[in-house]
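Dear colleague,

I am passing a structure on to you. Please look it over, then read the notes that follow.

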Amino acid sequence: MNQPAATAPSAPPPPPPEAVGPLMRSLSVLRELAAGGGRQPVGDLVRRTDLARSTVDRVLSTLARLGYVRIEGRDAVLAPRLLELGNAYLAASELPDRLGPLADRLADELDESVSLAVPDGDGVRFVHQATRRRAMSLAFRIGDLLPAERGAPGALFADRWDAADWQRWRARRAADPTDAGFPAVPPRRAEDGADDGAGPGPDAAWPAGFEARVAAARDAGWSLDDQLIEPGLVAVAMPVRDTAGRPVCALSVVSHTSRLSAAELPDAVLPRLRETVSAMEYALSLPRGAASVPDAGSVSDTASAPETAPGPSHPAHATWMRASKQELGPEFVESMARGLITLTAFGAGCAELPLTAVAEATGLARATARRALITLEHLGYLATDGKLFRPTPKVLELGFAHLSGLTLPAIAQPHLVALVERVHDSASMAVLSGDDIQYVARVPTVRIMSVNITLGTRFPAYPTSMGRVLLADLPPAELSARLALTDLAPLTRHTVTDAGQLLVLLEDVRSHDYALVDEELEEGLRSLAVPVRDRTGRVVSAVNVSTHAGRCTADEARETLLPALRTAAAAIEADLWVAGRYARIPVL
């Protein structure tokens, strides 16, 4: 393959006259926040975006109203709700829904990490990960972007590049020889890559290695990554094609040289890889909308889950827009908010939409939706054939990789902070661990008498409010068997130690969706807890407020604390439902 010499990257085309300036500015702020790991001082955002401080403040105020960022002191922080933009692309593509379960099964059978990736310009972006928990294993996240030449999938996608694509690739390699524009991969050293096609030199020889790998992948039908990303990491990838024969994604099996060498990996995995690719291509041949999302094995089991998180009606609603404008005044930029929510019109069964359908789905005027679509298409977040618009993988650059790596405690923490500020008592989150509860998040309050508990602390489940909330969600047979084997020791004179009485109390917890425990764990300690549920309604954790029993009666505690607790739990669930749509959310 004889490609033209590299040139300097050309300047991006100017925005069209119809482009929405505030929308472009908001996306530049989100990109910088994502590039900074999800948190940056506001002053740094001003410098990095080259926007006026007043403009950045208005952008952040509007994004905060949408729930896409939080302001914590001097920092702007990406919030889980932002994931709804990336979820819209993933749902529209249907790749994780249709192919993800097959990738998960392959990972289980081979006991190796498995990935699904799609082409994104001259890079490769992950859309599904099934990883193995090992000391040395794949650490990429959904949404991470890799250079095409550093990995197995890129050679499969580059086979369809034309001369202009190769020219852009060469220009990018010359302008960014260390891959600084790809923070998901380790930086390249000057001495790396001379004979693998990824080296930094400007001479005509350095692209030859990648071109050779593209040709080899074309001939073999699969591609090999022999430690192109980092030492020790090896992978084999095959293309997954649609009914027209076009590769829509690549399926990769990733291993480590401590288990399999690059020479051994193809023989070990190719037979099952080929079978899985055939099954995936059959799944893609089914009518759109025929696939469902099965259990992903995470906190957020998404089988038969609703597409949207709990909460108020969609922000596109005119009433919500007016209320936001009235409340925030000039700090709420309607054109920005309207433009961003345009992306949420897409999803399962709505992979491609005409202008009219986007306007109807978002409640926007046709002219407003048209300007937003033109802006998003100019920036590369949408593609169009002139009539239909569809989201592109680039949408995932808006913080998806960072936010998809959140844990349940990290999602809960800001809501626990808000709860403590409201009730002025300590708040915690715990999960069930055997017969105990384990504290995974906690926000203390400052009082002369307060409850001091560190993260990781374990208590028996039966005499605690969070434990009873978690136990009450167990199947009745499992609950009865568990209590029969538990040493129901009296920890105070108030501790309920009769299994039959506990079952009655737990049935009451199940019916009323909260638990109040008075001085059963410790004299003078009263605790009230509510459940936190995932997308399927399964209780995955509990949130409580602990207070001194002498401050008020049990009824007063119930009256003052329970509404605040339920509000906090609902906010955690809303974020968890969005974050867990495609990502696995660990509880620790």
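**Two positive phi values**

Glu94 sits in the loop that links helix 4 (83–93) to helix 5 (95–110). Please keep in mind that this is a predicted model. Phi of Glu94 is positive, near 65°, although the residue is not glycine. Most residues other than glycine have a negative phi. Is Glu94 buried or exposed? Its relative accessibility is 5%, so Glu94 counts as buried.

Asp513 also has a positive phi near 65°. Its place is the loop between helix 18 (499–512) and strand 16 (515–518). With a relative accessible area of 28%, Asp513 is partly exposed.

**The sheet and the helix across it**

An open sheet is built from six strands in the order 15-14-13-18-17-16, with antiparallel pairing. Its edges are strand 15 (458–460) and strand 16, each of which pairs on one side only. From one strand to the next the twist averages 30°.

Which residue of strand 15 is the bridge partner of Gln438? That partner is Arg458.

Helix 15 (residues 408–423) lies across strand 13 (426–433), strand 14 and strand 18 (539–548). Relative to strand 14, helix 15 runs at about 65°.

**Nonpolar cores**

In soluble globular proteins, nonpolar side chains tend to be buried together. Here the largest nonpolar core has 123 residues. Those with the most contacts inside this core are Leu27, Leu30, Leu99, Leu251, Leu340, Leu419 and Met429. Helix 19 (residues 554–579) gives the most to this core, contributing 12 residues. Another core, of 25 residues, lies apart from it and includes Leu156, Trp169, Val185 and Val214.

**Glu72**

Glu72 belongs to strand 2 (residues 69–72). Its relative accessibility is 30%, which means that Glu72 counts as partly exposed. The side chain of Glu72 makes a polar contact with the side chain of Arg70, at 3.0 Å. Leaving aside residues up to four places away in sequence, Glu72 touches Arg39 and Val77. How many residues separate Glu72 and Pro414 in sequence? They are 342 residues apart in sequence, and 9.4 Å apart in space from C-alpha to C-alpha.

Regards

Methods
Residues numbered from 1 in each chain as written. Predicted model: local features only at pLDDT ≥ 70, side-chain atom pairs only at ≥ 80, totals over all residues. Heavy atoms only, no water. Helix = DSSP H or I, 4+ residues; strand = E, 2+ residues; numbered from the N terminus. Buried < 20%, exposed > 50% of the residue type's maximum accessible area, 1.4 Å probe, protein only. Core = buried A, V, L, I, M, F, W, Y, C linked by side-chain atoms within 4.5 Å. Contact = heavy atoms within 4.5 Å. Polar contact = N/O pair within 3.5 Å; in protein donor to acceptor, adjacent residues only side chain to side chain. Pairing = 2+ DSSP bridges. Axes fitted to C-alpha atoms, helices over the stretch in contact; angles between N-to-C directions.
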